[in-house]
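Visitor: I am new to this model and would like to learn how to read it. Please take me through it one feature at a time.

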Amino acid sequence: MVYNSVEDINVDKINTRIKEAIKEWGSQDDFFDGISYSKQSFHKCVREKYIPQLSVLLEIAKKLDCDMGYLLCEYNEKHHITADVKEATGLDPDVIDIILNMKDSFLKLSILNDLLKDDYFLAIINLLHMADYHYEKGRELDKTEDKIKSAYKNAETLEEKEKFEMRYNDYRAEHKLHDANALANRYRLTVAFSRLLDKRYEALPDIDITNSESNWKQNNPKFKHHFLF
């Protein structure tokens, strides 16, 4: 939202945003107790349809740990950087927050930076997308096949039964193709991930995997994953 004139300002929407943000924070009594503004004054703003003055909005934004633009409904995320990154990338705000919090750890952020430039990592992303696609198509075909089987049972003539049987066989063949592609992509994912690890850690000396696995289990007794152990 960009304000080009005073007429663009939606007072009701702004006051509603402030009220909902305070509700998410906690009780109004506790919130206004910590700033130079009263709950009664804010209720008067809502009732008489005007927004608090700028100095008050700054206090409210600081206590809510959000940007002024969020309170003024310029964007729906609490910080403009999150709104900008979401618009540019389509990432969820929660994911953006995770990335932004990584900046406190240079090592984590540098690893993510390297991964996003790595061909094997990009291949893994594409393979995951394709695996999801074939899996979802398989689920859709499951539902279609069930409907055709039901229609086959209720068919009254031999001609109708043959028609439904042919349709079922066609969908079944398509289903098997998606299953085969999904399995193939799982294999390709394993290969791509292994090559990514080999590429990143090719300088590491050979290690005894059995002993390392045993030590890891002892240090992480609650972790169980049938694909790994």
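**Reading the model**

Guide: We can begin with a contact between charged side chains. D118 forms a salt bridge with K199, and the closest N and O atoms are 3.2 Å apart. D118 sits in the loop between α8 (106-116) and α9 (119-154) and K199 in helix α10, so this pair ties together parts that are 81 residues apart in sequence. Keep in mind that this is a predicted model.

Visitor: Is D118 buried or exposed? And what about K199?

Guide: The term buried is used for under 20% relative accessible area, and exposed for over 50%. D118 has 9% relative accessibility, so D118 counts as buried. K199 is partly exposed, because its relative accessible area is 42%.

Visitor: How many salt bridges are found in the whole structure?

Guide: A search of the whole structure gives eight. One of them joins the side chains of K49 and D12, with 3.2 Å from N to O. That pair links distant parts of the chain: K49 is in the loop between α3 (39-48) and α4 (54-64), D12 is in helix α1 (residues 11-25), and they are 37 residues apart. D12 has 38% relative accessibility and therefore counts as partly exposed.

Visitor: Which residue does E145 meet in a salt bridge?

Guide: The side chain of E145 meets that of R172, at 2.9 Å from N to O. Here too distant parts of the chain are linked, with E145 in helix α9 and R172 in helix α10, 27 residues apart. E145 is buried, with a relative accessible area of 4%, whereas R172 is partly exposed, with 26%.

Visitor: You keep naming helices. How many helices and strands are there in the protein?

Guide: The protein has 11 helices and zero strands. Read from the N terminus on, its elements run α-α-α-α-α-α-α-α-α-α-α. As for burial, 23% of the 229 residues of the protein count as buried.

Visitor: How should I read a pair of aromatic rings?

Guide: The description of such a pair uses two values, the distance of the centres and the angle of the planes. In this structure, a search of the whole model finds four aromatic pairs. In one of them, W25 and F31 have ring centres 5.2 Å apart and planes at 80°; planes over 60 degrees apart count as edge-to-face, so this pair is edge-to-face. W25 is partly exposed, with a relative accessible area of 39%, while F31 is buried, with 0%.

Visitor: What are the distance and the angle for F32 and Y37?

Guide: Their ring centres are 6.3 Å apart and their planes are at 45°, so the pair is tilted. Both F32 and Y37 are buried. Ring pairs link W25, F31, F32, Y37 and F42 into a cluster.

Visitor: Now the surface. Which residues gather in a patch of negative charge?

Guide: A surface patch of this kind brings together residues of like charge, and here they are E156, E159, E160, E162 and E165. E160 belongs to helix α10 (residues 158-200). With a relative accessible area of 32%, E160 is partly exposed.

Visitor: Which residues form a nonpolar patch on the surface?

Guide: L91, V95 and I99 do, and together they have about 180 Å² of accessible area. I99 lies in helix α7 (residues 93-101) and is partly exposed, at a relative accessible area of 31%.

Key. Residues are numbered from 1 along each chain as its sequence is written. This is a predicted model: local features need pLDDT of at least 70, side-chain atom pairs count only at pLDDT 80 or more; totals for chains, interfaces and linings use all residues. Side-chain values use heavy atoms; hydrogens and water are left out. Patches are made of residues with over 30% relative accessible area and no salt bridge: like charges are joined within 9 Å, nonpolar side chains (Val, Leu, Ile, Met, Phe, Trp, Tyr) within 5 Å. Accessible areas come from the Shrake-Rupley method with a 1.4 Å probe; for residues, only the protein chains shown count as cover. A salt bridge is a side-chain nitrogen of Lys or Arg within 4 Å of a carboxyl oxygen of Asp or Glu. Lys and Arg count as positive and Asp and Glu as negative; His and the chain ends are not counted. The place of a charge is taken as NZ of Lys, CZ of Arg, CG of Asp or CD of Glu. Helices (H or I, at least four residues) and strands (E, at least two) are DSSP runs, numbered from the N terminus. Buried means under 20% relative accessible area, exposed over 50%, partly exposed in between (1.4 Å probe, protein chains only). Rings of Phe, Tyr and Trp (its six-membered ring) pair if their centres lie within 6.5 Å; planes under 30 degrees apart count as stacked, over 60 as edge-to-face and the rest as tilted.
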